[in-house]
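I opened my notebook to look up a few things in this structure, going from a single element out to the whole chain.

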Amino acid sequence: MAMSTVDEAYGRSMSDYPIENANEVRKYYNSWANKYDDDVTAMTYRAPDAAVEKAATLLTEEQKKVFNILDLGSGTGLGGVSLRKFGFQGEITALDGAAEMLQLAMAKNIYSDCNEHILTSNQPLPYPDDTFDLIISVGGFGNNMIQPDCLQEVLRVLKPGCYIVLTIRMHSKCNEYQDCINKELKRLEANGLMQVASREEFRYYNWKDVTIDEGPDFNDQFGEVLALFKDPL
């Protein structure tokens, strides 16, 4: 029997790929690029809307019209789609490590600029200090992705008194990552660099129609959306 669309999407989304190998991670996402939007749609992917809806509650309508935004780990540009959906009208820059995903993001005609770049502790962001009024990162932080020790670098390119809004999977394979990011958030707060303004659970995916053998751990459908406020100078 042929696999259903959602089963195929689940299989691709949960594929294992090498940890701490940026080239293999890039290869994985480039190979997924052409099917990515359809796959996450099949799984009722909520993360872009969850992040942007949270950001919209933090800003005025006037700020939404003019803020300069970085979509960090933009992938195929679904974060940009949500930004426009929720009324953000300013310039949006896309940054991602996978060229083929970035190409699809730019084809949506939402982004004013893009950079192919993998953020690590040894590869800082290619922007000056205090560049952006808002940074969103939808799924950019996680196992095999942006590591917690990069949060301070992300804060560097955010203007004081502004927000980073990011989503993180609450995945059973990511307990160590979650511990690390919690420690880093506490460190940054203790040093007066930022505050956790809010932290809320939401349903990242909906896997109720997945029927394949060794199906999903339904606890892995969930994630968190975090709003981090960079303290003013």
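Before looking at any element, I noted that a residue counts as buried when its relative accessible area is under 20%. I also wrote down that this is a predicted model, so that every entry below is read as a computed value.

Entry on strand β5. I asked myself how many of the 12 residues of strand β5 are buried. For residues 158-169, which form this strand, I found 9 of the 12 buried, so β5 is largely enclosed by the rest of the structure.

Entry on its partner. I then looked up strand β4, residues 132-138, and found that 6 bridges join β4 to β5, with the two strands running parallel. Within this pairing I located leucine 134, which stands opposite tyrosine 163 in β5.

Entry on the whole chain. Stepping back, I counted 8 helices and 7 strands in the protein chain, and I noted that buried residues make up 49% of its 233 residues. Of the contacts with a separation of 6 or more, 72% are between residues 24 or more positions apart.

Entry on overall dimensions. I asked why the radius of gyration of the protein chain agrees with that of a compact globule. The reason is that a compact globule of 233 residues would have a value near 17 Å, and the protein chain has 17 Å. Along its principal axes, the C-alpha trace spans about 60 × 40 × 35 Å.

Entry on surface and charge. The protein chain exposes about 11,300 Å², of which carbon and sulfur atoms supply 47%. Last, I looked up its 22 positive and 36 negative charges, whose mean positions are 3 Å apart.

Notes. Residues are numbered from 1 along each chain as its sequence is written. This is a predicted model: local features need pLDDT of at least 70, side-chain atom pairs count only at pLDDT 80 or more; totals for chains, interfaces and linings use all residues. Side-chain values use heavy atoms; hydrogens and water are left out. Helices (H or I, at least four residues) and strands (E, at least two) are DSSP runs, numbered from the N terminus. The radius of gyration is taken over C-alpha atoms; the globule rule is 2.2 Å times the number of residues to the power 0.38. Buried means under 20% relative accessible area, exposed over 50%, partly exposed in between (1.4 Å probe, protein chains only). Contact means heavy atoms within 4.5 Å. Accessible areas come from the Shrake-Rupley method with a 1.4 Å probe; for residues, only the protein chains shown count as cover. Lys and Arg count as positive and Asp and Glu as negative; His and the chain ends are not counted. The place of a charge is taken as NZ of Lys, CZ of Arg, CG of Asp or CD of Glu. Two strands pair if DSSP finds at least two bridges between them.
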